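Dear colleague,

I am handing over the structure below, and after it I have set out what was found. Please keep it open while you read.

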Amino acid sequence: MTSDADSNDSELWFDDGTVVLSANKSRSGTLVRFCIHKSILSKHSPIFKDMFSMPCPNDIDLYADIPLVHLPDDAEDLRAFLKFMYDPCFMPVGQYLPESPTVMHGPFKLATKYQADQLQSRILQQLRLDWPSSLGGYDCRLKSFSRDPTQDRKVFSPSIPLPEDYKPYMVISMLRDAPCRQEAAGVLALAYYETACTLSFAPPEPGFLTDDDYLKIIIGQESMAKRIRHFLKPRIQKSCSQHVAIKGLCDIPQFWDSFWINLAGRHNFLYFLSEQIDVLQEFTLPRPCIYCSPVAQSTLSACREDLFKFLSQAYALIPTS
Ligand SMILES: [Zn+2]
């Protein structure tokens, strides 16, 4: 059935096309048609290759004398998927792009569905540039989001606007069930982590996360708090390391007391740890002495590194060692 609102895509409509694909926009229900090439689709996807290698039935639908195939996918997702095939420049390229998941969610879903492995790898490559596998790289990602360099690492705060189109939860919906889930565990873990950090003030749009995802987030937060305690417990100083007159002026026990008090109720643990390092560097109370402060700072830095490496385990994305 056709309606007045149906349209042919202005860009993905080739006069020498050999197949017309149609799909409905999920928001408006409007039908959109794309006149493209069987050869291009077959090159990227074995599913389309099989579809086109079957003999044409006599009652096949035609549009302008060209075979017409209606797909159950969202027209906008399909458009972006086809654009990725025809125009590699259409795909975002760069590092720490906050909008990557929004742009690539639809194409990735269809690349998975139609087994377009090369496209899927290309998208994964971009996601790895966005979510680096080292803590130093990750700090650079957060820094790149912040216009004010003094707000370094404070990007997940209700008082600081998130970058436009920043939707880390879309990566969870992309990768959760994808065949490449294992190799993308690091990216997926950071997507869960950032979703957990922003949940209370930038909740995910409905339809992307499942009950299991929310449970993973809750359990992940708990595992991380336990991990911090496990790491710090044998390393923290209960009294001043100097047995000199300065001892009476050292606040190291009070520092750790207030550390645990402040940890409770926090979500962004990586930021919290860096904030505590800042507390030690600045002249705020409680203030450990010049001997204890550097030790505590390096312990907290090591704890951040440990926690960052632990993320994939916290969200149960890789087997626990
Ligand atoms: Zn001390």
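In what order do the strands of the open sheet lie? The order is β1-β3-β2-β5-β4, an open sheet of 5 strands with mixed pairing, where strands are DSSP runs of E of at least two residues, helices are runs of H or I of at least four, and both are numbered from the N terminus. Two strands count as paired if DSSP finds at least two bridges between them. The edge strands are β1 (7-13) and β4 (62-63), each of which pairs on one side only.

Please bear in mind that this is a predicted model, in which local features need pLDDT of at least 70 and side-chain atom pairs count only at pLDDT 80 or more, while totals for chains, interfaces and linings use all residues. Residues are numbered from 1 along each chain as its sequence is written.

Strand β2 (residues 19-24) is mostly covered, with 5 of its 6 residues buried; a residue is buried if 20 or more other C-beta atoms lie within 10 Å of its own, exposed if 12 or fewer do, and partly exposed in between, with C-beta atoms placed from the backbone. With strand β3 (residues 31-36), β2 pairs in the antiparallel sense over 6 bridges, and V19 stands opposite I36 in β3. The hairpin of these two strands has 6 residues between them, and there G29 takes a positive phi near 80°. With strand β5 (residues 66-74), β2 runs parallel and is joined by 4 bridges; L21 stands opposite V69, and the bridge partner of N24 is D74.

The helix α5 (residues 117-130) deserves a look as well. Its 14 residues should span 20 Å at 1.5 Å a residue, which agrees with its end C-alpha atoms being 20 Å apart; the expected span is 1.5 Å times one less than the number of residues. The buried residues of α5 are L119, Q120, I123, L124, L127 and D130. They cover an arc of only 135° around the axis, which puts them on the same side of α5, the arc being that of the directions from the helix axis to the C-beta atoms. The face turned away from that buried side carries the exposed residues S121 and Q125.

Finally, the chain is divided into domain 1 (7-73), domain 2 (100-209) and domain 3 (239-310), with bounds that come from an automatic or database domain assignment. The centres of domain 1 and domain 3, taken over C-alpha atoms, are separated by 61 Å.

With best wishes
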